[in-house]
Amino acid sequence: VKLGARLQKAADFVGQGAVLADIGTDHAYLPIYLAKQNKISRAFACDVSQGPLEGAKRAIAAAGLAEKITACLGDGLNALPKENNVDTAVLAGMGGATMAEILENARGMAEKIKRLIFQPMNDGARLRRWLAENGWRIIDEELAFDEGRLYEIICAERGSMTIDSDILFEIGPVLKEKKHPLLKEHITALLEKSKKILQGMAESAKARQSERYAAEERRKNELEAELKWL
Ligand SMILES: C[S@@+](CC[C@H](N)C(=O)[O-])C[C@H]1O[C@@H](n2cnc3c(N)ncnc32)[C@H](O)[C@@H]1O
């Protein structure tokens, strides 16, 4: 099995011997790959929808991994059985706001987990803010180009962190600190998104005068300034 660059970067953050929960597993590619690599000791492949979970069950059985990977139906971390020993959770391919909500809805469970790995499809800033406000520290971040699109991958462990500017929540503190080779492309993509939002809002005189427009304009200017320093 070969994972795409996006899921591969998430897989790389999983430590040897981990007990994994893959939340929003869909096809269960990630736990199946990690089990075949002998990287995990056990996994729970969880999804809130019946359809994807059935697909996951079939794929797990076809790979002969039913002893190692259990498919669980349910919302977020609450799909896990009470006794689970999960030390690592991956949340990939969902929005950043959904990810923050999943953690919020299972506080007791999330606190037992040592490492959280995220690949948000959007709203990375919101997720980073949730982590900072809830006792998590970003220990590493990655970017992956996959089928023409850039994806962020965030790895967090318990601890505290200070992110001292709003724009760093957007960009990712570690991506900036380690001068990731794709940082320029990443900031350019954020900037393009911001410009599109402004363009859309500019069509309405009312929206143009709103505080949201002013805030988006500040964000755009800050992203442009960040690009200049690269
Ligand atoms: C786009 S797929 C991502 C699959 C895989 N993780 C990946 O990154 O390739 C998103 C999956 O998340 C599931 N999902 C959405 N919200 C969820 C929640 N609150 N709890 C568990 N699964 C959820 C959906 O049913 C869907 O199967």
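Which element gives the largest share of the shell around the ligand? That's β4, with three residues. Before going further, keep in mind that this is a predicted model: local features need pLDDT of at least 70, side-chain atom pairs count only at pLDDT 80 or more, and totals for chains, interfaces and linings use all residues. Numbering runs from 1 along each chain as its sequence is written, and side-chain values use heavy atoms, with hydrogens and water left out.

Let's start with the fold. The C-alpha trace spans about 60 × 35 × 35 Å along its principal axes.

Now the ligand. It is surrounded by 17 residues (a heavy atom within 4 Å), and the closest are R6, G24, D47, D75 and G76. By class, that shell has six nonpolar, seven polar (Gly counts here) and four charged (Asp, Glu, Lys and Arg) residues.

Here are some polar contacts, meaning pairs of N or O atoms within 3.5 Å:

| Residue | Protein atom | Ligand atom | Distance |
|---|---|---|---|
| G24 | polar backbone atom | nitrogen | 2.7 Å |
| G76 | backbone N or O atom | nitrogen | 2.8 Å |
| H27 | polar side-chain atom | oxygen | 3.4 Å |

The protein covers 79% of the 600 Å² of accessible area (Shrake-Rupley, 1.4 Å probe) that the ligand has on its own. As for elements, α1 (5–12) and β4 (88–94) are the ones that give two or more residues to the shell around the ligand.

Key
Polar contact = N/O pair within 3.5 Å; in protein donor to acceptor, adjacent residues only side chain to side chain. Helix = DSSP H or I, 4+ residues; strand = E, 2+ residues; numbered from the N terminus.
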